[in-house]
Amino acid sequence: MSSSIEVNEMVEEAGVHDRPERKKKLGLLFWICVGWITLNFLAAILANVLPLQSPIFQDYSAVNVGPSLHHLLGTDDLGRDIFSRVVYGSRVSIEVSLGAMLIGFGAGAPLGMLAAYRRGKFDAILSSVMYVFLAFPAIIATIAVLSFWTPRSLFKIIVVIGIASIPLVYRVIRSAAMTVATKDYVVAAKVQGATDRRILMKELLPNVAPIGVSFLLVGIATVVTLEGALAFLGLSVNAPTPSWGNMINESLSRLQLNPWLAVFPSLAMCLFLLCLNFIGDRLRAHFDVSEGKL
Amino acid sequence: MSIEQKLLVVKDLATTFHTPSGPLPAVGGVSFDLNQNETLGIVGESGSGKTVLSRTVMGLQPRANVDVSGSVLLNGFEVVGASEKEKRSIWGLEVAMIFQDPMTSLNPVMRIGKQIDEILRVRLGMDRQAAKARAIELLDLVGISSPEQRYSVFPGELSGGMRQRVVIATALAGSPKLLMADEPTTGLDVTIQAQILNLLEELKERLQMSVVLVTHDLGVVATRTSRIIVMYAGRIVEMGSTRDVFANHRMPYTRALLEGSPKVSNPSHTRLLAIPGRPPNLLNLPKGCSFAPRCSFATDRCREERPELEAASAPGHAFACWNPLPVKDRVPA
């Protein structure tokens with residue numbers, strides 16, 4: 001203990017700032033949200049192994065019942081267990097959002113960083129192309145493509161949404177990388193003889209990453225909503241595979257008979273989005289280190 | 001002295017930016033040279049082209065919209081017209097640069113030791129351990145106490161002066177022969193400024209390198225340089241040994257600069273003499289001497305014809321002025 005005090009004194013003497021602000025807490029709510037998202041992911045991954053009823057098994061002895069011990073969240077009008085369907089439904093949302101973001105970031109992030117670093121013609125041409133795509137409403141484009149690209153599959157939905165998200169990711173990453181690329185430490189690395197590749201990987205990437213991560217979380221949330229909207233329009237996975245969106249869609253016609261049908265998938269989606277957005281927001285605030293502290 | 005012994009020979013260097021409103025000659029007709037183990041000061045107001053000059057000498061330009069002509073011979077390497085890849089071979093190893101603002105010249109998310117040993121590992125091919133040992137040595141060299149512990153701190157944990165020391169350590173890592181210091185103390189407070197400048201001077205002697213000190217602060221160059229270049233509107237208006245420039249300056253602009261800096265010998269509350277007017281718009285330079293509109297000695301000739309550098313009596317001393325101040329051996333400022 002005494003040695004650490006010594007070190008502290010030495011450190012202060014030599015002009016090192018103590019840094020209480022860097023250690024600021026993320027807060028309990030943040031960790032609750034992280035816990036909820038983790039739970040969602042685990043449930044989606046382990047749905048097959050969990051002691052759940054089959055999401056497509058139709059139990060005609062218990063149709064449209066409310067929440068009970070036997071069916072935690074009740075059943076729908078075909079006697080299918082809603083709890084199980086909500087859990088399995090999260091799979092579609094999570095698969096689509098992760099897959100689409102993988103495509104979006106896989107293409108958009110490197111292109112954005114490259115454009116911000118190289119500027120010039122490369123940036124001008126690429127950015128114009130991206131802005132042309134951005135000018136086109138993504139949701140209408142996805143609906144149009146998915147209506148004609150049949151038979152529908154999870155893979156196709158992922159590809160379409162993924163491609164639609166590339167310009168968005170590109171734009172965010174490019175502007176973030178642009179502020180980094182003009183910093184002196186990038187020039188400094190250059191006059192140290194660092195290659196472009198090294199500068200991109202070691203100087204740009206780590207400094208753009210915090211913004212990238214918070215945008216990723218917002219992006220996942222957006223794709224979950226988008227998939228929900230598509231499912232609601234009947235353009236997502238085919239029945240009887242459950243997804244939050246198509247469950248809400250199916251519930252509409254039976255809303256007066258059994259309101260639980262709409263409540264639970266909506267609640268699941270709502271909580272999922274709320275948590276993701278909250279996490280993204282807190283992370284951004286946490287990593288948004290002002291110039292003075294850098 | 002023959003060309004071979006000069007570390008840096010700059011001839012007729014011109015840097016022109018192409019802007020939407022026309023060509024902007026940020027640097028024009030600049031020629032000078034630098035010996036081994038010499039410190040050269042480049043002074044001038046903001047916007048006089050000194051930063052562009054130092055970056056052009058390094059071969060650092062934006063990728064587009066800029067024209068560079070003339071020649072920069074750095075230890076036998078022609079910088080002007082060299083490709084990025086060719087220049088990479090001298091960057092860090094022959095010439096290094098330290099920047100104005102130590103707050104932004106270190107990567108905030110990389111430990112400072114890593115930023116120093118990066119060049120050691122990548123450029124000099126040292127293994128991890130040798131590089132770490134050398135990086136700690138360098139931190140020690142630039143006067144950072146307990147360098148082993150500091151090796152793994154982030155830049156955000158250090159104060160401005162400490163960071164500038166780290167920046168200097170990274171610049172020295174490749175043992176460059178020439179160190180370009182672009183306003184190295186502007187972002188620091190006065191006591192730290194002196195420390196950093198003394199450190200640079202000491203390192204220059206110890207490592208036998210040459211230093212180009214770019215600054216707007218004459219106090220910085222007065223005691224630490226052997227020669228001074230005074231720039232105005234992208235051109236050299238006076239150059240010579242530090243003593244000549246301070247004591248026997250012939251160009252009114254140099255005098256105005258000197259009178260604009262505070263002196264200890266002045267009685268307190270002495271007003272500093274500001275140079276009237278503003279630096280000229282580089283997009284629309286006056287036809288004659290670019291200082292003429294602000295110069296109290298200006299004649300019609302000054303407004304019509306641009307004076308070229310002409311040699312003064314002292315060797316190496318030159319000035320560009322039609323109506324130079326009379327020669328008189330003043331007490332150095």
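Guide: This is a predicted model. In chain A, helix H8 packs on helix H9 (residues 244-251) at an angle of about 40 degrees, and their axes are 7 Å apart.

Visitor: Which residues make the contact?
Guide: From H8(A) they are A:Glu227, A:Gly228, A:Ala229, A:Leu230, A:Ala231 and A:Phe232, and from H9(A) they are A:Trp244, A:Gly245, A:Asn246, A:Ile248 and A:Asn249. Sorted by class, the contact of H8(A) with H9(A) has 6 nonpolar, 4 polar and 1 charged residues.

Visitor: Why are H8(A) and H10(A) called roughly antiparallel?
Guide: H8(A) and helix H10 (residues 260-287) of chain A pack at about 165 degrees, with 8 Å between their axes. An angle over 145 counts as roughly antiparallel, and therefore H8(A) and H10(A) are given that label. H8(A) passes H10(A) in a left-handed crossing.

Visitor: Which residues of H8(A) and H10(A) meet?
Guide: Among them are A:Val213, A:Leu217, A:Ile220 and A:Val224 in H8(A), and A:Phe272, A:Leu276, A:Ile279 and A:Leu283 in H10(A). The residues of this contact divide into 14 nonpolar, 5 polar and 1 charged.

Visitor: How many residues of chain A are in contact with chain B?
Guide: 21 residues of chain A are in contact with 30 residues of chain B. Helix H7 (184-191) and helix H8 (196-232) of chain A each supply at least two residues of the side of chain A that touches chain B. The largest share of that side, 5 residues, comes from H7(A). By class, that side of chain A has 9 nonpolar, 6 polar and 6 charged residues.

Visitor: How do you know that the radius of gyration of chain B agrees with a compact globule?
Guide: For 333 residues a compact globule would have a radius of gyration near 20 Å, and chain B has 21 Å, which agrees. The C-alpha trace of chain B spans about 65 × 50 × 40 Å along its principal axes. Chain B has 11 helices and 12 strands.

Visitor: What is the order of the 8 strands in the open sheet of chain B?
Guide: The order is S6-S7-S8-S3-S9-S10-S12-S11, and the pairing is mixed. Strand S6 (95-98) and strand S11 (310-311) of chain B stand at the edges because each has a single partner strand, so one side of each is left without a neighbour in the sheet.

Visitor: What makes S3 and S8 of chain B a pair?
Guide: Two strands pair if there are at least two bridges between them. Strand S3 (residues 39-43) and strand S8 (residues 210-215) of chain B have 5 bridges, in the parallel sense, so by that cut-off they pair. B:Ile42 stands opposite B:Val214 in S8(B).

Visitor: Which helices lie across strands of this sheet?
Guide: Helix H1 (residues 50-58) of chain B lies across S3, S6, strand S7 (178-182), S8 and strand S9 (227-232), and runs at about 155 degrees to S7(B). Helix H10 (residues 252-259) of chain B lies across S3, S9 and strand S10 (235-241), at about 100 degrees to S9(B).

Visitor: What is the order of the 4 strands that form an open sheet in chain B?
Guide: The order is S2-S1-S4-S5, with antiparallel pairing. S2 and strand S5 (77-78) of chain B stand at the edges, each with a single partner strand, so one side of each has no neighbour in the sheet.

Visitor: How many bridges does S1(B) form with S2(B), and how many with S4(B)?
Guide: Strand S1 (residues 6-19) and strand S2 (residues 22-35) of chain B pair in the antiparallel sense over 10 bridges. S1(B) and S2(B) form a hairpin with 2 residues between them, and B:Leu13 has B:Val30 in S2(B) as its bridge partner. S1(B) and strand S4 (residues 66-74) of chain B pair over 8 bridges, also in the antiparallel sense, and B:Phe17 stands opposite B:Val66 in S4(B). H1(B) lies across S1, S2 and S4 of chain B, at about 65 degrees to S2(B).

How values were computed
Residues are numbered from 1 along each chain as its sequence is written. Chains are lettered from A and ligands numbered from 1 in the order in which they are written. This is a predicted model: local features need pLDDT of at least 70, side-chain atom pairs count only at pLDDT 80 or more; totals for chains, interfaces and linings use all residues. Two residues are in contact if their C-beta atoms, placed from the backbone, lie within 7 Å. Axes are lines fitted to C-alpha atoms, for helices over the stretch in contact, and angles run from 0 to 180 degrees between N-to-C directions. Ala, Val, Leu, Ile, Met, Phe, Trp, Tyr, Cys and Pro count as nonpolar, Asp, Glu, Lys and Arg as charged, and the others, Gly among them, as polar. Angles under 35 degrees count as roughly parallel, over 145 as roughly antiparallel, 65 to 115 as roughly perpendicular and the rest as oblique. A crossing is left-handed if the near helix is turned anticlockwise from the far one by less than a right angle, and right-handed if clockwise. The radius of gyration is taken over C-alpha atoms; the globule rule is 2.2 Å times the number of residues to the power 0.38.
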